[in-house]
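I opened this notebook to record what I looked up in the structure shown below. The entries follow the order in which I looked.

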Amino acid sequence: MRRLTFTYRDGKIELVSQQQVEMRVPATAPAPRAAAAAPPEFWYELRDAESELLYRLEAEDPIPTDVEVFSDDPERTIERAPNPPEEGVFTVLLPDFENAREIKLMRAAAPRDAKARAAKPEVVEVARFNLTEGSR
Amino acid sequence: MGAGDGAIVGVTKIVDNGPDARRYNVVVVGDGYQAGQLAQFANDAQSIANTLAATAPFDRLMPAINIHRLDCTSTDSGADDPAACGGSGAAPRTFFDARFCNSGIRRLLIVDSARVVQAVNAQVPPWHAILVIVNSNVYGGSGGAIGVYSLAPGADEIALHEMGHSAFGLADEYDYWAGCGVDTDRNNHPPGEPGQPNVTLDSNRATNKWRDLIAAATPMPTMANPDCTQCDRRPSPVPAGTVGAFEGAHYYHCGAYRPEYDCRMRALGQPFCAVCERVIERALQPFLPNRQLVSLNQAAWVPGSTTYRFGFRSIPNIPITGEPADADAERWAMLHDGSVYRLYAFKRGSNDRIYQFGFNGASYAFGHRSIPELRLIDFPADTDASSFAMLHDGSNYRLYLRRAGDPRTLHQAAWVPGTGTYRFGFRSIPRIPVTGFPADTDWNRWGMLHDGSRYRFYAFKAGTDTRFYQGAFNPGAGEYQFGFQSINELQLVGTPANSDTREMALLHDGANYRFYFQTR
């Protein structure tokens, strides 16, 4: 497997390390992709030198827009709050394909406004990194 | 505060259930512990290990899990606790810069997560989950890429909830966002079925995603919220533990359902619901060790086809008998030497001892017509002993390991006649490349054989248990090449349901190409 480690700060993402690692990965739950299913909110695309898709991995959006807050009050042990920390880290484990040249981070940007949520999400490329030369 | 305010001391494996490459690896990191407090950190790390071992479903999955303790010292003890949030005003210098009062919320305790991940990447590369214990008695914690919690009573629940998110992809099951009575825009869940396995918009018994866990007598929906402007805080109408569809989940009062009335993904201090337990169990299945060598399911190649069929020209299932208690059932290989079918397994905990079994007509019996225990010597330090293959080429017994971090380089050894030893490089090309295999080759599941004319290499196609790739040694190139003198892709047919598909072995007995799975 290949572990990619990214950091983000003020909306800018950097690929800070790549690591080849011998390990197993958890089995994934059966994906309930019914017709009414919401599109994935975030995914990774591993591509070769000709930009052919080698592998795609759906994931939770690694850059939070809110934050979970915990309490020892038994009546409200968890709640959410806006304004998460503006910097952080995330990692992803991908197959270690020798012909992989590029990783794309993609997001289906669902409108945050509740009234507009029925609209089709816009797919945006969040970041793209050349795995042999660094980021761009 | 930060890197200059402490140091990494080292890693200790406090729960060891086998090779890291085959287990789910949890790393427990400490911050705000001075050098003289590392014994306390060891106790705190052991405490979360004990909590995990006592928490369903991890209690029955612990053989799948290794837990590592990363000892780090800090210049000062504790965590930043700014007075602006009502804290003590303390500002200790700690290695990972733990601090309360983030986003203006005192209980929101975070660390420099990038530095934590960098340290764990270096110290325990095959990690799956990271938990950071902050040496403070103030209640707090946070989630995200890593779970962070303090030493306050009950704060370790934060770690379990956050593992539900980050490690197993579980959704929050609570029915509010900022809080019941606080939210004004959380009445009805928007359209679109959530991707997570433990929340749904579907309360239909016939189509609900956890319908197989719902008893016929359980009403559906099991509980409906009569006032979507509010959280529904009525008691459950069914006994605790009943799986159904309870309205109010995924941050909304109505329109989304959770599997049980309560769950750790809804409120800290509650057990995981049955659906969440099942998700965790499934996720950890690949990490569970085989407990013992029981038997083999056997297939053979159907000549003229691209198919190996189970039971074809084969005894369908062959017992394994007399195995030593410490035989490692996850690291095994087979060969036929022209006379005897042989099975080999590593001695558990060892990278240089293997046990040998021989087929006696009824079973693979330990030591039958065999040197019971063999030794591997002179392998280079960068050898990966997490799996191996063997073959007999008519002259020599050969054993193959691979280069650590590079499954495309074989390390070859051969048996030294008259001894109990396989020596790296003996009568062998020491290192042999494997080239040209497809990008979706599953390098964790591989095998080799010699068929009287060719040395062959096999590996599964990733994501399938029924298709595998073939290559052969090209003497002119000095490497194993995908498709060389080979059918590129082969198919397994009729795999018995009790087959353990995590490893494979192959051999050629002079008449047939044979394929084996162990049974579960």
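**Entry 1: the interface**

I began with the place where the two chains meet: 46 residues of chain A are in contact (heavy atoms within 4.5 Å) with 58 residues of chain B. I noted that this is a predicted model, in which local features need pLDDT of at least 70 and side-chain atom pairs count only at pLDDT 80 or more, while totals for chains, interfaces and linings use all residues. Residues are numbered from 1 along each chain as its sequence is written, chains are lettered from A and ligands numbered from 1 in the order in which they are written, and side-chain values use heavy atoms, with hydrogens and water left out.

The size of an interface is often given as the accessible area lost when the parts come together. I therefore looked up the buried area, which is the accessible area (1.4 Å probe) that two parts lose on being put together, summed over both. For chain A and chain B this is about 4500 Å², with 56% of it on carbon and sulfur atoms. I found that A:E22, A:R24 and A:F70 supply 20% of the area that chain A buries against chain B, more than any other three residues.

**Entry 2: polar links across the interface**

I next looked up polar contacts. A polar contact is a pair of N or O atoms within 3.5 Å; within protein, one must be able to donate a hydrogen and the other to accept it, and residues adjacent in sequence count only if both atoms are side-chain atoms. Between chain A and chain B I recorded 21 residue pairs in polar contact, both residues being at pLDDT 80 or more.

Which elements of chain A give two or more residues to the side that touches chain B? They are β1 (2-9), β2 (12-20), β5 (66-70), β6 (78-82) and β7 (87-94). Here helices (H or I, at least four residues) and strands (E, at least two) are DSSP runs, numbered from the N terminus. I sorted the residues of this side of chain A into 22 nonpolar, eleven polar and 13 charged. In that sorting, Ala, Val, Leu, Ile, Met, Phe, Trp, Tyr, Cys and Pro count as nonpolar, Asp, Glu, Lys and Arg as charged, and the others, Gly among them, as polar.

**Entry 3: salt bridges**

Side chains of opposite charge can pair when their charged atoms come close. The rule I used for a salt bridge is a side-chain nitrogen of Lys or Arg within 4 Å of a carboxyl oxygen of Asp or Glu. It gives 49 salt bridges over all chains, and four across the interface of chain A and chain B. One that I looked up joins B:E503 to A:R24, with the closest N and O atoms 3.7 Å apart.

A:E68 lies in strand β5 of chain A and A:R80 in strand β6, so the pair ties together parts that are twelve residues apart in sequence. Are these two residues buried or exposed? Both A:E68 and A:R80 are buried, where buried means under 20% relative accessible area, exposed over 50% and partly exposed in between (1.4 Å probe, protein chains only).

Within chain B, B:D500 and B:R502 form a salt bridge with the closest N and O atoms 2.8 Å apart, and both residues are buried. I also noted one network, in which salt bridges that share partners join A:R24, B:R22, B:R23, B:E330 and B:E503.

I then looked up the salt bridge between B:E373 and B:R353 (3.7 Å, N to O). It links strand β16 (residues 373-377), which holds B:E373, with strand β14 (residues 353-359), which holds B:R353, and the two residues are 20 residues apart. B:E373 is partly exposed, at a relative accessible area of 32%, and B:R353 is partly exposed at 31%.

Two strands pair if DSSP finds at least two bridges between them. I recorded that β14(B) and β16(B) pair in the antiparallel sense over three bridges, with B:Y355 opposite B:E373. With strand β20 (residues 421-424) of chain B, β16(B) pairs in the parallel sense over three bridges; there B:I377 has B:R423 as its bridge partner.

**Entry 4: chain B as a whole**

I counted four helices and 28 strands in chain B. Of its 520 residues, 60% count as buried. Helix α3 (residues 156-166) of chain B is mostly covered, with nine of its eleven residues buried.
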